[in-house]
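This briefing goes through one model by topic. Please have the sequence and the 3D view open while reading.

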Protein chains: 2
Amino acid sequence: MVSMKDISVACGVSVATVSKALNDHRDIGAKTKERIRQTAKEMGYFPNSAAQALKTNRTYNIGVLFVDKAMSGLTHDYFSYVLDSFKRTAEEHGYDITFINCSKNGKNRMSYLEHAKHRGFDGVVIACIDFHDPEVVELIRSDLPVVTIDHLFNNRIAVVSDNVSGMRQLFTYIYKMGHRKIAYIHGEDTAVTQNRLSSFYKTAKELGVEIPDEYVREAAYRDTKEAYKKTMELLDLPDPPTCILYPDDFASFGGINAIQARGLRIPEDISVAGYDGIRVARHIEPKLTTLRQDTELIGHEAAKNLINLIEEPKSTLIQVITIGGEVLEGHSVKDLNKK
Amino acid sequence: MVSMKDISVACGVSVATVSKALNDHRDIGAKTKERIRQTAKEMGYFPNSAAQALKTNRTYNIGVLFVDKAMSGLTHDYFSYVLDSFKRTAEEHGYDITFINCSKNGKNRMSYLEHAKHRGFDGVVIACIDFHDPEVVELIRSDLPVVTIDHLFNNRIAVVSDNVSGMRQLFTYIYKMGHRKIAYIHGEDTAVTQNRLSSFYKTAKELGVEIPDEYVREAAYRDTKEAYKKTMELLDLPDPPTCILYPDDFASFGGINAIQARGLRIPEDISVAGYDGIRVARHIEPKLTTLRQDTELIGHEAAKNLINLIEEPKSTLIQVITIGGEVLEGHSVKDLNKK
DNA sequence: CCTAGTATAGAAAACGTTTAAGTAAAAGTC
DNA sequence: GACTTTTACTTAAACGTTTTCTATACTAGG
């Protein structure tokens, strides 16, 4: 690796001058500056980020903590899209992305926070995680710039998908399609679920739709087996629903299978709706009607706000940024108005 | 951040002693060592990775270059699983994962190699990419430890999914199910495609199956629209195939839609097979018969070999590691033997 | 022509580690 | 007891930057 030393020798100046020239300080003459820059380019110079980090305490590196229950979160459709968008925005601003090591074994295991300090991340983004994990709490409570995704925390910037309005939009759409017997298989008890669930009930009430208790059941997110089972239970009811909502698109596939296994057709005999708007849902039949979450915007806003917080800690608003979604109309919800 | 300096003061020893104690050098007394370690722990010490990197030229950080044509590769089902596995293995060995910035704009844009040198990655893994991109070639040709995934390069370690045997297995399975009129919609011209295609023809010949030219068509990977179109063309042939192979599972959804749009049933009227074995293919009906690539093993082997190459450059074999897959039997290929 | 001001560059310290070389005391050898 | 060896620790330099302070030369004002 060619260093500033090499350039300074080549140009017959001191390393300080080289540093200042490359960083465009104004106490270096225009011609020297140009000469140094030219030779730097010719010699293929690039700054050593470790040295820079050591000296300046800035790494231009952002730590990412994306943990799914099962895996690292990378294989999670929704979050991988959010992360992808986050990454693009961060990179455009000159930041790199490093995963916070979440392997729970290995010698010298560090906590998330320790790891973040060790690497000197300028900031951290957290998503898709058990927010009750003490290590996560420690990280969020730390003095590092933090942005959380889809979870609120005291005094931290959060970017959240608007589950309340999302559910309202979806419910209203289904209502407008003429459905009155609407069931909801919701995910396990998390903030996201609670928001959707309360919005589900609220919207139902507003629209004058009655929801029998047996229409509301719990199943894990992204679990087709459970969704299958709960769907069967719903179909077995004396008065089954005309439309079933699922925790997410992926889970809805389980429901669809259950329905088809019963010999029922979608949407002719029963309607279904997902949540998320993952890519594959648009490419299989029946094309799923679902609430598309704006992963692009969520990732972008998270990155933008985190970088802001890093670079302008004083003037950055600590806020909750709510990102709306939209109903993605597919072919899985029957319009009961037209006969 | 508490530094070695702080510990040295607290313990009344020199920083050198602290460093050696923590790194378990044997010229430090047992009791001092223990005392230093104890206070280090109490004070919440963690080494500054930038300083370590600067001094040792080792970052314990691996650069990842995963680029899909459209996005960053994160949203690519197959590669996100590979990456996830890679990450887990790397983390278990104490390495972190950082993306090589692939934003093509932004000021001070560095090439992939420049970026890798700048960050001081100990090694680099490359996948899912246009291997003709000059920047990629530059990176692969560099003196950095490199492992490529699904692409061969002179004198570099490569982990490749065995497309030749994979296609043979899949073809043979379909043959055994009694099919003789087998069509193949293959992906665009890449090494992967070439391997599969030649294996397709070779196996056909071995088994005495004749493949008319019009049974073989090209469509982009992961493109349901194109797959839809090509499938329609195949269905329109005077003598249509009884089974269609697709470039990948995702593309096969397009084919399935086309077939169902024609009012044909899968597998009763026509059979289809995918390639990859992505998760969702197991969760929708018709459950796809496909060749499952062992993403877990691919990622694991890539990480293992890269780390080996980093840590034991002399004794590491430069080799091509071929990972076999397996036919994942679904319900999309009809058994023509039983009537 | 003297002084003050300005423009340009250099010297040196510092960031937090690691490590080669050095030193002093204790222990072993005959 | 004089020697070497071993043990335990320290000194100091180094990694590649950034930055403060200092120095020199030139310009301008009077």
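Which element gives the most to the surface near DNA strand C? That element is α4(B), with five residues. Helices (H or I, at least four residues) and strands (E, at least two) are DSSP runs, numbered from the N terminus.

This is a predicted model, in which local features need pLDDT of at least 70, side-chain atom pairs count only at pLDDT 80 or more, and totals for chains, interfaces and linings use all residues. Residues are numbered from 1 along each chain as its sequence is written, while chains are lettered from A and ligands numbered from 1 in the order in which they are written.

**Surfaces near the DNA**

- A residue is near a molecule or strand if its C-beta atom, placed from the backbone, lies within 6 Å of it.
- Around DNA strand C there are 25 residues, of which A:Ala16, A:Thr17, A:Gly29, B:Met4 and B:Ala16 come nearest.
- Two or more residues of the surface near DNA strand C come from each of α2 (15-22) and α4 (49-56) of chain A and α2 (15-22) and α4 (49-56) of chain B.
- The surface near DNA strand C has 11 nonpolar, 10 polar and four charged residues.
- For these classes, Ala, Val, Leu, Ile, Met, Phe, Trp, Tyr, Cys and Pro count as nonpolar, Asp, Glu, Lys and Arg as charged, and the others, Gly among them, as polar.
- DNA strand D also has 25 residues around it, and A:Met4, A:Ala16, B:Ala16, B:Thr17 and B:Gly29 come nearest.
- Two or more residues of the surface near DNA strand D come from each of α2 and α4 of chain A and α2 and α4 of chain B.
- For DNA strand D, α4(A) supplies the largest share of the surface, five residues.
- The classes near DNA strand D are 11 nonpolar, 10 polar and four charged residues.

**Chain A against chain B**

- Contact joins 45 residues of chain A with 45 residues of chain B, where contact means that the C-beta atoms of two residues, placed from the backbone, lie within 7 Å.
- On the side of chain A that touches chain B, the elements giving two or more residues are α4, α5 (77-92), β2 (96-99), α6 (112-119) and α11 (249-261) of chain A.
- Of these, α5(A) gives the most, with eight residues.
- That side of chain A divides into 17 nonpolar, 18 polar and 10 charged residues.

**Sheets**

- Strands of a sheet pair through backbone hydrogen bonds, either parallel or antiparallel.
- In chain A, four strands form an open sheet in the order β7-β6-β8-β9, with parallel pairing.
- Its edge strands are β7 (216-218) and β9 (271-273) of chain A, each pairing on one side only.
- The twist in this sheet averages 20 degrees from one strand to the next.
- Two strands pair if DSSP finds at least two bridges between them; β8 (residues 243-245) of chain A and β9(A) pair over three bridges.
- Across that pair, A:Ile244 stands opposite A:Val272 in β9(A).
- In chain B, an open sheet of four strands has the order β7-β6-β8-β9, and the pairing is parallel.
- Three bridges join β6 (residues 182-186) of chain B to β7(B), and B:Tyr184 stands opposite B:Val216 in β7(B).
- Helix α10 (residues 224-235) of chain B lies across β6, β7 and β8 (243-245) of chain B, at about 155 degrees to β6(B).
- Axes are lines fitted to C-alpha atoms, for helices over the stretch in contact, and angles run from 0 to 180 degrees between N-to-C directions.

**Backbone details**

- A:Ile266 and A:Pro267 are joined by a cis peptide bond with omega of about 5 degrees, and A:Pro267 is in the loop between α11 and β9 of chain A.
- A:Asn155 is not a glycine, yet has a positive phi of about 65 degrees.
- A:Asn155 is in the loop between β4 (146-149) and β5 (157-161) of chain A.
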